[in-house]
Structures are given as C-alpha cells and as structure tokens.
Amino acid sequence: MGNVFGRKSRPSRVTEQDKAILQLKQQRDKLKQYQKRITLQVEKERLLARQLLKDGRKEKALLLLKKKRYQDQLLAKTENQISNLESIVQDIEFMQIEMKVIEGLKIGNDCLKSMHEIMSIEDVERILDESQESIEYQRQIDEMLAGALTQEDEDAVLAELATITQGEDVALPEVPTEPIPQVPEAAKAEPEQREAKPHREMLSA
C-alpha cells in the first residue's frame, strides 16, 4: 500500500492552451444547445400566432410576433458568439502548431550548432584537402601503371582477375604423403665418435 501511495505521479501532458480550448468548446456547445432550444420555441410561437389570427385574437398574435422578433435577435447574437468562439479555438490550435514548428526549428538549430562546434571550418577544409590529395595520388599511380605495363602484362592481369572472380583454385605443389624416414640411433652417435677419435690421437702423440 505504501508503494502505491508513494508512487510519483507523472506530469500531466495537458497544457493551459488545451484547457482553454476545452472550455471554449464547452461554451460553444452550450450556445448551440441554447440556439436549438430558442429556434424550436420561435417556430412554435409563430404557428401559435397564425392560429390566434385565425381565431380573431389579433392583439395576442401581435404580442407573440413581437416576442418572436426579440428571440430572432437573440439567435443572431448567439450565432455571432458561436462564430467568435470557433474562431478563437482555431486560432489557439493553429498557434499550438506554430509553437511545435518553432520548437522543432530550435532543436534543429541547436543540433547544427553543436555539430559546428565539433567540426570547425578548418577541419572541413583539412579533410577536403586530404581527400583531394588522395585522389591526386591515386591518379598518379594509375598513370604510372598505365605507362609501365605492356599489353602482355595487361592480359596477364585480366586473366588473373578472371581466375579470382570465377573462384578457381591456384595450382599449388602437391604435399608428399610418404612418411619421413627416421634416423637410427647408431647414425646419430657415429658423428660424435668421429669427433672424439682425432682428439685421442692428438693426446697419444
């Protein structure tokens, strides 16, 4: 239980802009409900005024028509308010998109700045110079080889390349399969005896 209550709550992803948009949409929905209710009421009163005129109750019908006129004005104001609310919601949502774009641009600029700090202009120029020197050196080698090799050498190189490409094995000398003869012990001792014999002759002399 202690772990459950002691667990840190994650930060909410709902921003103040999101809350404002939600409140504005709720107000817009309430106005639309009010607009719908007034519209139904106006239509009933218009039908009632027509019936009163048929019944000869002109004054009552005139009073209902005046009320209807006032409610029509309320409907017009309500429509303007709904339009304003929707416009504000759209502006806030578009501003959120712009903020995300600006945030992305900021991250990109920071990334480029860090990359520029890692590699300066001097480093880039040095790398380009080294690359150009390597290209020039390779070109000189190619020119030297092109002038030094004869057509026969060129054919031999192409033939070797074809052999390597086709995966053919290069011919190697066969490894002998016969066992190597062992030297007998007497043969090993014979040179030692030969070396000792002259030594004895010199002593006897």
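A: Helices α2 and α3 pack with their axes 8 Å apart, at an angle of about 160° (axes are lines fitted to C-alpha atoms, for helices over the stretch in contact, and angles run from 0 to 180 degrees between N-to-C directions). α2 and α3 are therefore roughly antiparallel to each other, a label for angles over 145 degrees. The crossing of α2 past α3 is left-handed, that is, the near helix is turned anticlockwise from the far one by less than a right angle. The residues of this contact comprise 20 nonpolar, 14 charged and 9 polar ones; here Ala, Val, Leu, Ile, Met, Phe, Trp, Tyr, Cys and Pro count as nonpolar, Asp, Glu, Lys and Arg as charged, and the others, Gly among them, as polar.

A word on the source: this is a predicted model, in which local features need pLDDT of at least 70 and side-chain atom pairs count only at pLDDT 80 or more, while totals for chains, interfaces and linings use all residues. Residues are numbered from 1 along each chain as its sequence is written, and side-chain values use heavy atoms, with hydrogens and water left out.

Now each partner in turn. The end C-alpha atoms of α2 are 57 Å apart, which agrees with the 57 Å that its 39 residues should span at 1.5 Å a residue (the expected span is 1.5 Å times one less than the number of residues). Helices are DSSP runs of H or I with at least four residues, numbered from the N terminus. Buried in α2 are I21, L24, R28, L31, Q35, I38, V42, E45, A49 and L52, where buried means under 20% relative accessible area, exposed over 50% and partly exposed in between, with a 1.4 Å probe and protein chains only. Their cover includes α3. Just after α2, G56 has a positive phi of about 85°.

An α-helix has 3.6 residues a turn, so residues three or four places apart point the same way.

A76 also lies in α3, but counts as partly exposed because its relative accessibility is 41%. From A76 to Q35 the C-alpha distance is 9.2 Å, although 41 residues separate them in sequence.

Conventions. Helices (H or I, at least four residues) and strands (E, at least two) are DSSP runs, numbered from the N terminus. Angles under 35 degrees count as roughly parallel, over 145 as roughly antiparallel, 65 to 115 as roughly perpendicular and the rest as oblique. Contact means heavy atoms within 4.5 Å.
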